[in-house]
Amino acid sequence: MMEVCGVEKDKFRTICSSIDKLDKTPWDEVRAEMVGQKGLDPAVADRIQTYVVMKSQGDANAFIDQLRNDPLLSKSPTGLEALDQMRQLMSLCGCYGISEFVSFDLSLARGLDYYTGTIFEATLQGEGNAAESVGSIAGGGRYDDLVGSFDPKVSRSGKIPCVGVSVGIERIFAVMEAKLLKEKEKVRTTKTQVYVASAQKNLMEERAKLCRDLYLAGIKTEQSFKMNPKMLDQLQYCESYGIPFALVLGESEIQNKVVKLRDITTRAEELIPRDSLIETIRRKLQETQ
């Protein structure tokens with residue numbers, strides 16, 4: 001596209017970096033940057049505009065046919081080769097049943113010159129303002145020459161086809177947290193289901209034994225690493241990290257072969273016999289889902 005619009009090769013990278021801003025910056029500002037700051041011919045910038053506003057709507061193959069018949073692109077061997085590659089990619093997307101999630105967008109650009117083929121970007125849909133505010137959550141592309149540039153032996157033997165992708169973990173977390181807050185759910189940073197607490201000193205071994213039983217039952221369990229943690233600190237830890245249940249051990253509970261089960265949200269407590277503890281916890285956890 002840069003070639004057929006008349007962009008000089010030494011400006012490809014810098015102009016692509018300007019186009020890459022279109023998802024957050026109006027065209028007028030992008031054009032002003034290309035022309036005013038980067039010295040691009042205004043007529044070339046106007047030709048670029050005719051393409052960057054285009055993307056497939058529904059049938060990508062029909063869009064590719066439209067581009068192949070374009071007066072400029074139809075005369076470019078490089079452009080036609082790229083369109084053939086896109087048609088193959090879209091065909092494979094159809095084979096995997098994901099065509100409806102893929103759009104061919106000519107405004108997608110990268111200001112990095114190591115890409116040698118298709119570039120792509122992933123965005124969230126259907127999540128409202130939270131999804132719109134973070135932009136893309138993943139991106140990448142093909143770079144056949146990059147690996148060889150780090151190894152002389154590889155570079156002499158030829159290209160190594162590579163496709164890479166990076167995922168924006170922080171952006172994904174931001175959307176997840178916004179969704180939970182909207183649904184008035186507490187944001188949890190741990191998968192712990194049960195916290196084993198002790199109400200008195202010198203019960204670390206008893207806590208460890210109870211943790212072992214819960215581990216073997218497949219229940220995600222946690223306890224304090226301190227020998228004699230304070231009871232209040234243990235319960236506040238559960239509240240801070242959204243752990244739904246605490247099992248409290250004391251001398252009397254150990255003697256009577258029971259455990260005190262505490263619902264962290266409601267603060268309701270009940271004594272559970274040790275021989276039915278696993279079954280009771282599983283039922284409680286099921287009720288909270």
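## Fold and overall form

How many helices and strands make up the secondary structure of the protein chain? The secondary structure comes to 13 helices and eight strands, where helices (H or I, at least four residues) and strands (E, at least two) are DSSP runs numbered from the N terminus. The radius of gyration, taken over C-alpha atoms, is 29 Å, well over the 19 Å that the globule rule gives for 289 residues, so the chain is more spread out than a compact globule; the rule itself is 2.2 Å times the number of residues to the power 0.38. Along its principal axes the C-alpha trace spans about 90 × 45 × 40 Å.

This is a predicted model, in which local features need pLDDT of at least 70 and side-chain atom pairs count only at pLDDT 80 or more, while totals for chains, interfaces and linings use all residues. Residues are numbered from 1 along each chain as its sequence is written, and side-chain values use heavy atoms, with hydrogens and water left out.

## Burial and surface

Of the 289 residues, 35% count as buried, meaning under 20% relative accessible area, as against exposed at over 50% and partly exposed in between (1.4 Å probe, protein chains only). The accessible surface of the chain comes to about 18300 Å², of which 52% belongs to carbon and sulfur atoms, as computed by the Shrake-Rupley method with a 1.4 Å probe.

## An exposed strand residue

V165 lies in strand 3, and V165 is exposed, with a relative accessible area of 56%.
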